[in-house]
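Here are some notes to read alongside the model, written for someone who is new to looking at structures. Please keep the sequence and the 3D view open while going through the points.

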Amino acid sequence: MENIVIKNIQEQDDTALAKIIRAALEEFKANKPGTVYYDETTDHLSRVFMKQGSAYFTVFLNENIVGGSGIYPTDNLPHDTCELVKMYLSPLARGKGLGRMLMQKCLQAATELGYKKVYLETMPELINAIPMYEKFGFNYLPTSMGNSGHTGCGLWMIKELEADTAS
């Protein structure tokens, strides 16, 4: 049985996560200007996610870092909206439901932080992620929102979070 653990990002996770993110972009031929591939903050995610209103989760498979994802209050987004960011898994981690687990963790964190909507930017090259976003209820937008600085992304989606009805 495989041991899966999802934790809040720690500084010691930074190097492994940066390698996973860049390797995935290379794998899908999406390592182009205007993406996180060339963003220097990719090397220091633990620092980036110290910002109020953000969260990033590292996923471990049998004690090895295999990916992560987070939410972030991207500049110029509406106050009630965060961005789903840097969701990447290594090839060893795919097909095991880890993307679904990370997505659930991020949506839960967004709800707990008081957000009403989650926005994301992606690229057509990332063919594995798009169907998952659709299954989670993300809808396409005609243009980008906010100011992520990632002009290489050509697909934009948004999801309304459901109000917590359990009291």
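**Notes on the aromatic residues, the cores and the pocket**

1. Phe49, Tyr56 and Tyr72 come together as one aromatic cluster. Please bear in mind throughout that this is a predicted model. When the whole structure is searched, four aromatic pairs are found, and one of these pairs joins tyrosine 37 to tyrosine 38.

2. A pair of aromatic rings is described by the distance of the centres and the angle of the planes. For tyrosine 37 and tyrosine 38, the centres are 5.0 Å apart and the planes stand at 70 degrees to each other, an arrangement that is edge-to-face because an angle over 60 degrees is counted in that way. Tyrosine 37 has a relative accessible area of 16% and is therefore buried, the cut-off being under 20%, whereas tyrosine 38, at 54%, is exposed, since that value is over 50%.

3. The largest nonpolar core contains 28 residues, and those with the most contacts inside it are Ile71, Leu84, Met103, Val118, Tyr133 and Phe138. Two or more residues come from each of β2 (55-61), β3 (64-72), β4, α3, β5 and α4, with α3 giving the largest share, seven residues. There is also a second, separate core of 21 residues, which includes Ile20, Leu45, Phe60 and Val85.

4. Which residues does valine 118 touch, once its neighbours within four places in sequence are left aside? Its contacts are Cys82, Leu84, Leu107, Ala110, Phe138, Met157, Ile158, Lys159 and Leu161.

5. The largest pocket has a volume of about 590 Å³. It is lined by 31 residues, of which Met87, Tyr88, Leu89, Ala129 and Tyr133 are the closest to its centre. The elements that supply two or more lining residues are β4 (81-89), α3 (98-112), β5 (117-122) and α4 (129-135), and the largest share, seven residues, belongs to β4. Sorted by class, the lining holds 18 nonpolar, seven polar and six charged residues.

6. Leaving aside neighbours within four places in sequence, glutamate 160 is in contact with Lys116 and Lys117. Glutamate 160 and glycine 137 are 23 residues apart in sequence, while their C-alpha atoms are 8.2 Å apart in space.

Notes: Residues are numbered from 1 along each chain as its sequence is written. This is a predicted model: local features need pLDDT of at least 70, side-chain atom pairs count only at pLDDT 80 or more; totals for chains, interfaces and linings use all residues. Side-chain values use heavy atoms; hydrogens and water are left out. On a 1 Å grid over the protein atoms alone, a cavity is a set of points where a 1.4 Å probe fits but cannot get out, and a pocket is an open set with protein on both sides within 12 Å along at least five of seven lines; lining residues have an atom within 4 Å of a point. Grid points are joined across faces, edges and corners, and a volume is the space filled by probe spheres set on the points. Helices (H or I, at least four residues) and strands (E, at least two) are DSSP runs, numbered from the N terminus. Ala, Val, Leu, Ile, Met, Phe, Trp, Tyr, Cys and Pro count as nonpolar, Asp, Glu, Lys and Arg as charged, and the others, Gly among them, as polar. A nonpolar core is a set of buried Ala, Val, Leu, Ile, Met, Phe, Trp, Tyr and Cys residues joined through side-chain atoms within 4.5 Å. Buried means under 20% relative accessible area, exposed over 50%, partly exposed in between (1.4 Å probe, protein chains only). Contact means heavy atoms within 4.5 Å. Rings of Phe, Tyr and Trp (its six-membered ring) pair if their centres lie within 6.5 Å; planes under 30 degrees apart count as stacked, over 60 as edge-to-face and the rest as tilted.
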